[in-house]
Amino acid sequence: MGSSSSRINSIPDAQQLMQETGFSAAHIVRLHERFESLDTERRGELSQETVNFASFVRILAHFRPAERSRGSRGGAQQELANCTSRKLQFAFQLYDQDRDGKISREELLQVLRAMLGIQVTEEQLQSIVERAIQEADLDGDDAISFDEFKKSLAKVNVDHKMSTGFLR
Amino acid sequence: MCPLMGLLLCNQIIVQVQPPVHAMIWPPVGMENPIVACCQKVRRTAAQCQRSRCLSISITVWLTFLLVFFLAPAVLGVSLGLHRLYVATLLNVFEWVTLQMKMTAKEKNQQLDKPWRNGIIAKEASLSLQQGIQGFRGPSNCRSGFQVADILYFCHSGVESIVDDEVTKRFSAQELESWNLLTRSRCHFRHVGPQLTVLWALGILIRYGVLLPLRATLAATGIILLLILTTLVGFLPSRRLRFFLSQKVHLTCYRICARSLAAIVTYHNRENKPKNGGICVANHTTPIDVIILANDGRYSLVGQAHQGLLGMVQRAMAKSTHHIWFERSEVKDRHLVAKRLSDHVADKTKQPILIFPEGTCINNTSVMMFRKGSFEISGAVHPVAIKYDPRFGDAFWDSSKFGMVSYLLRMMSSWAMVCSVWYLPPMSREGGEDAVQFANRVKAAIAAQGGLVDLNWDGGLKRAKVKEAYKEEQQRLYSKVLVSELTQGGDDKHSKEENLEG
């Protein structure tokens, strides 16, 4: 029978996570409960990629709705995980798996294969990738850089689409 | 003269005999210790007699209490009305607890934590994949085919499901709105002041000191009685007499077991109760569901033959009434199962079969997919909805956390097990409906009556991984969105198809 403050203290690095990500104490406690219920084998990490609780929270922090009224904070806002450029970077890294700053043809092919499985033939897959690169690649290097990626997402409201409605 | 002389002589002998006895009891100094030891022994024995008398008196009182207030009403089927009073008192206490917590919160200038019963996030209404992807591409972008922005849709849905999904939370205990003085409930204990702590300690004393021993004794009595009496009845020669008596025996023992778990049940719509033959289906939360339903009707049970205590109980029950116990090897043979069930149902003299089509225990906030096996048998199906009140104790059996014995002890040390049972009117398969659609229709009726969420997910996901077929279905839907790029035109046709599917 403890209070919520003792529950937050039982979570390692909770204060630091709150600073970094901007989640409230109640959110962190709640996410910790969720993490423990997903971690059925009690290893302290999820799935084969060994995501521990801190990484879990940091990844989810990208999906916090972006706050608008912090203009006076200036440079500090750039550090928060849920600002627009960080969200875009997160989405970019879903494609760019080797983290070389460019989405190559093979990477696009790999991601599309995961999304489509056996439902399309190899030729159809190649033609889809070809068309996508043609559309997005502006400097002709046969790969999509981060700026080109941002341009192709210019019309999408990234702040809204990449946010999960965390309740207050 | 002679008798007088004889009497005088006797007196003299007595007087002569007495002094030595006196000498034994009050000896001169030197012979004290053994006598003191003897005195002490006598005193100790007297004390022990006193203690054992106390013990026997208290046991007698206890047993009389048990007999008068629990066993006799169970045998006669009469209710003393004490349970309603108990429940009403507890509800008043819980309201007071909530008030206290609100006051403490106000003093600290904080809000009382509102439980996020609908999850930590607010989810938008679920759309089909086609509509979802279109929403992510942006309103001005109506080109078909692959867009780099598509990945945002999958990413967003994925993260939403990771943070909160409809299925995994059904396999753990339900969260309560306000505290019910049990530390085992999932609740926020932020504003518990000293008064509530005292009340909680009192609650522990009552539950573990009075309620638990009482209920455990009752349960033991019930099981022993069941075993003995069903075996005895099984020996009777006359079939009709055996049938008649076994029903009475079963009913009495179920009543005793129900009282031992403090089950306070309200039955609704009893006119819809299944009579002979037919199948009865219900949502499954705990093995106690069987006892609760059997308290108000006679059912044949279906299940796997177990070993140990449960196996003994099963064999004892099978001696006097018809139950369908399967060996482990037979369970896999679906035709055999179906045949045995159909034979039983067709025989109108037999009792209705009780089946839990979910196949596993769910936490009583939702009803999950019904296995179609029991709906393939011809005949009417009688649905029953069971809803437990979570304020008095969590009835859900989380088999990954508790074994059977620890679960029963938890139940006996909760406040009570308050539940409502609704008998729904019988349903039959309509023309053109297959078993799966019929099962879903019955499931929707049960969910609507019990106030539960109707889910199409399989309860087997509690233990098994998701089948690849689900992932392939999503891939198929997405490929339809993309492939329209390769086949010019036909977008409208595709979007119409998606709307029908989604």
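Let me begin with pLDDT, which is the predictor's confidence in each residue, on a scale from 0 to 100, and with the elements, where helices (H or I, at least four residues) and strands (E, at least two) are DSSP runs numbered from the N terminus. What we have here is a predicted model, in which local features need pLDDT of at least 70 and side-chain atom pairs count only at pLDDT 80 or more, while totals for chains, interfaces and linings use all residues. Residues are numbered from 1 along each chain as its sequence is written, chains are lettered from A and ligands numbered from 1 in the order in which they are written, and side-chain values use heavy atoms, with hydrogens and water left out.

On confidence, the model as a whole scores ipTM 0.85 and pTM 0.76. Chain B has a mean pLDDT of 78, with 80% of its residues reaching 70 or more. Among the elements of chain B, the highest mean pLDDT, 94, belongs to strand β8 (residues 381-388), and the lowest, 46, to helix α1 (residues 2-25). Over residues 1-25 of chain B the pLDDT is below 50, and beyond near neighbours in sequence this stretch has two contacts in the model, a contact being heavy atoms within 4.5 Å. Residues 488-496 of chain B also stay under 50 in pLDDT, and for them the model has six contacts beyond four places in sequence.

Turning to the make-up of chain B, we find 15 helices and ten strands. Of the 502 residues in chain B, 41% are buried, where buried means under 20% relative accessible area, exposed over 50%, and partly exposed in between, with a 1.4 Å probe and protein chains only. If we take contacts in chain B between residues at least 6 apart in sequence, 75% of them join residues at least 24 apart.

Next, the cavities. On a 1 Å grid over the protein atoms alone, a cavity is a set of points where a 1.4 Å probe fits but cannot get out, and its lining residues have an atom within 4 Å of a point; grid points are joined across faces, edges and corners, and a volume is the space filled by probe spheres set on the points. How many cavities of 30 Å³ or more are there? The count comes to three.

The largest cavity holds about 130 Å³ of space and is lined by 13 residues, with His250(B), Tyr254(B), Gly297(B), Arg298(B) and Tyr299(B) lying nearest its centre. Helices α7 (239-260) and α8 (288-294) of chain B each supply at least two residues of this lining, and the largest share, four residues, comes from α7(B).

The second largest cavity has a volume of about 60 Å³, and its lining includes Gln174(B), Thr285(B), Tyr388(B) and Phe396(B).

Finally, two backbone points in chain A. Most residues other than glycine have a negative phi. Arg99(A), although not a glycine, has a positive phi of about 60°; Arg99(A) lies in the loop between α6 (84-95) and β3 (102-103) of chain A, and counts as exposed because its relative accessibility is 52%. Asp142(A), also not a glycine, has a positive phi of about 65°; Asp142(A) is found in the loop between α8 (122-136) and β4 (144-145) of chain A, and at 38% relative accessibility counts as partly exposed.

Definitions and conventions:
1 Å grid on protein atoms, 1.4 Å probe; cavity = no way out; pocket = protein on both sides within 12 Å on 5 of 7 lines; lining within 4 Å.
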